[in-house]
Amino acid sequence: MRSGLRAFARTHEARLLAVTVLLFVFLSFATRNFFSIQNGLDLLTSYAFPGMLAAGLVVVIVAGGLDISFTAVASIAQFLAVSAIGRYDLGWAGLCGIAIGSGLLLGLLNAILVTWLRIASIIVTIAMLNVYYGLLMFLSHGNSINTLPGWYIDGLSWVIGADAHGNPYILNMQILGLGLSFLLTWLLLNRTTTGRQLRALGGNPEAAKRVGFSTLRLNMVAYGYMGFTAGLASIVEAQVAGSVVPNMLVGRELDVLAAVVLGGASLLGGIGSVSGTFIGLALLAMVHNGLILLGVSSFWIDCVTGFVFLTAVATIAWERRRQRAAIRRTIVAAA
Amino acid sequence: MARFLELRNISKRFGGVQALKSVDLDIEAGEVHCLAGENGCGKSTLIKIIAGVHPPDPGGTILIDGEEQSGLTPAESLRRGIQVIYQDLSLFPNMTVAENIAIEHQRGVRLLRWGPVQRIARSAMQQIGVSLDLDRHVSDLSIAERQLVAICRASANEARLVIMDEPTASLTRREVDALLHLTLELKRRSVAVVFVSHRLDEVLEIAERVTVLQNGEKRGTFDARDMTSRRLGELMTGRSFEHHVMDPLGAPTPPVLSVRGLSRSGDYEDISLSVREGEILGITGRLGSGRTELALSLFGMHRPDRGEILVAGRPVTLHSNREAIEHGIAYLSEDRLSLGLVMEQPIAANVAVTVIDRLLGRLGLVAADARQDLVRHWIGELGIKIGSPDDAVSTLSGGNQQRVGLAKWLATGPKLLILDSPTVGVDVGAKDGIYRIVRRLAEAGLAVILISDEIPEVFYNSHRVLVMREGRITGEFEPHRCEEAVLQEAVDA
């Protein structure tokens, strides 16, 4: 156990966690409103959408792929599902079924194209982002849906306590959705044989093929799961926004990718963890939120976010180089 | 002994190429068998037929345990206990040792329990007497350790025949010994082992029988005890090779490069040497002895901390490899795959890349004629067998790739050529071709530094040999005055 702890201390996740905790402590003292349960719940709520997408994306990246199209997938899912519940009385089941189902289908289509065309997945999914987005604009004529059924606007929420002034702490469906996505991703990656096969595919596709793992099937799991989370995320996003705006989500891909990469996932595939992704997301959220609370001009926020991202990625790259050099030295010493 | 595998009358045609012609082969349970032959002799095809990857052409039969196999698939071949360890090892670097060994356990769709994964891995390691940390990632292991993981994985899958494709290519001598020891352990458990190897000496140490293929035909199966590496080389190539050491250099010639007290912390220490016009200076020593680091310093890529480098008697400071090239130094790297050649680029572009600025015509564009002449000249000079200069380098055999690498550097008109392990992954026949070229270049006045960990390579192709060990020069030998064994001892000491 001690050695396990020491091994953890050397991981990227541990360093990221340390930085996040430091930032947390700093912001708690430097600002008046950061350190409160309410602010925590608000943060989780507003980062549920990118967070859930990050939980899906890390699976694709671990499997050696990359998906850029998920914001367009989420937009389509949300448009179809919310249009449907506006016309028919489908309830939560219908809403979730349509959003998740359409997300899943588009994800599977991505998987098939990536596998069959044998083109870098980033290229395929950038193209598909445009295809899906164009299709959505055609279907919606670019119009927003501004009236949602009352039950959807009310959403699902539970009061889980209250502060000293009697203001309730609310556990809403955004937070639940976020928790559910991370739990599912963790189960998939760490507790199923499929998850290990995805990791194997990302680590050495040729060897995975030789062992007899089907690339098509695994890609369908990875991109399908990404589509599934995009569908789920789109529902909680529309609920909190109170409307469906077709061009609202596209453009937020890089925030999601930033959280995953910040969390230590390698774009070369095979490396990435659920805990890292969550901490990466938390760090990004805290930087944003902290800067706002510190009263920094919103123009600077993107700058600072970019800088944090660059620093983290450079640290990961530097650390991997250092490790490789250390391995080389031990090999030479042994020889 | 019981016969595990029998191949009868196996032929295989790919389009217009007859890869195998009516080959018979049998493997006894628990024997160590070597499959030898040059690149393109059909070894790989034969392995793939055994692994069920390719079906043999009609008329051929495969028997496992005496049962005829019609339509052997990869899954069936695995199920019957045939495990192929490919040269790239097919491991998952991002996963732990345990997961790699127990990869079969992660097949299917179900919940995964870590207990069995650890247990399978531990028992596989115990069976063949290997100990590795189960939780380390394979990317953190040395090549030799990775190989152990691959062997454990084969053994975890109830292997009855393990085929190892070029297992010793990137191992040091001590690691090779460990591998051979492990092979005996597999044999004791009546697992048959088939080695596919270029490095003949090692294979002969341990194999019981040797089957030689040449151009897709079987030259025969021989008892390994009656075999010498020279005879094996002759069988593989159909040519005979004479090994004789080089005559000493005649008239004294001026030194091209001298080095005095050169040191670089952690790499090499107090190196003094000198190489003359027309001389081939061999440098040998184990991996990690500092030989490659020294070569990189002579080529301006690693700055030494102390000491002097003199080119034609004048001290120089080499800030970069560009300056080294300007001083007439060329360096053919150990790793032609990742450093030396751009594999997917045309042969012509690879040859011309070092001298591209000499080929500039008007407007600063590359003059196509000049480039073509240059490329044609070197292809002819070095006897490179190619389809067209516009083919990618990756289409060539190892030996021809190495010649393209040589051509690229010779085009710079060097006075000193540093060759670092020039025949790694090159066949016996092609090796001989490279040695001839190097000797001819030296006779024409070029100074050559030949770095290799293959003792015979430096012994038979150098005028003088320096032995390096832990960053220092520990001995100097003249092959015409001593025995190969003496040099071997100095390296092993």
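1. The model is predicted, so local features are taken at pLDDT of at least 70 and side-chain atom pairs at pLDDT 80 or more, whereas totals for chains, interfaces and linings use all residues. Residues are numbered from 1 along each chain as its sequence is written, and chains are lettered from A, with ligands numbered from 1, in the order in which they are written.

2. Two parallel partners of β18(B) can be described: strand β13 (residues 280-284) of chain B is joined to β18(B) by 4 bridges, with B:V448 as the bridge partner of B:I280. Strand β17 (residues 416-420) of chain B runs parallel to β18(B) and is joined to it by 5 bridges, and there B:D420 has B:I451 as its bridge partner. Pairing requires that DSSP finds at least two bridges between two strands.

3. Elsewhere in chain B, 4 strands form an open, antiparallel sheet in the order β2-β1-β4-β5. Because β2 (17-28) and β5 (67-68) of chain B stand at the edges with a single partner strand each, one side of each is left without a neighbour in the sheet. The antiparallel link between strand β4 (residues 61-64) of chain B and β5(B) consists of 2 bridges, and B:I64 has B:E67 in β5(B) as its bridge partner.

4. The domain assignment divides chain B into domain 1 (3-237), domain 2 (242-328 + 414-493) and domain 3 (342-403), the bounds coming from an automatic or database assignment. Between domain 1 and domain 2 of chain B, the C-alpha centres are 36 Å apart.

5. Chain A contains 15 helices and 2 strands. Its radius of gyration, 21 Å, is close to the 20 Å that the globule rule gives for 335 residues, so chain A is as compact as a globular protein of that length (taken over C-alpha atoms, the rule being 2.2 Å times the number of residues to the power 0.38). Buried residues make up 43% of chain A.

6. An unreviewed UniProt entry places "transmembrane region" features in chain A, including residues 92-113 and 291-318; such annotations may be inferred rather than shown by experiment. In the model, residues 92-113 of chain A are 100% helix, with end C-alpha atoms 32 Å apart, while residues 291-318 of chain A are 86% helix, with end C-alpha atoms 28 Å apart.

7. Helix α10 (residues 193-203) of chain A has 10 of its 11 residues buried and is therefore largely enclosed by the rest of the structure. The cover over its buried residues includes α4 (48-62), α9 (173-191), α11 (205-211) and α12 (215-241) of chain A, together with α3 (97-101) of chain B.

8. The contact between the chains takes 22 residues from chain A and 22 residues from chain B, contact meaning C-beta atoms, placed from the backbone, within 7 Å.

Methods:
Two residues are in contact if their C-beta atoms, placed from the backbone, lie within 7 Å. A residue is buried if 20 or more other C-beta atoms lie within 10 Å of its own, exposed if 12 or fewer, and partly exposed in between; C-beta atoms are placed from the backbone.
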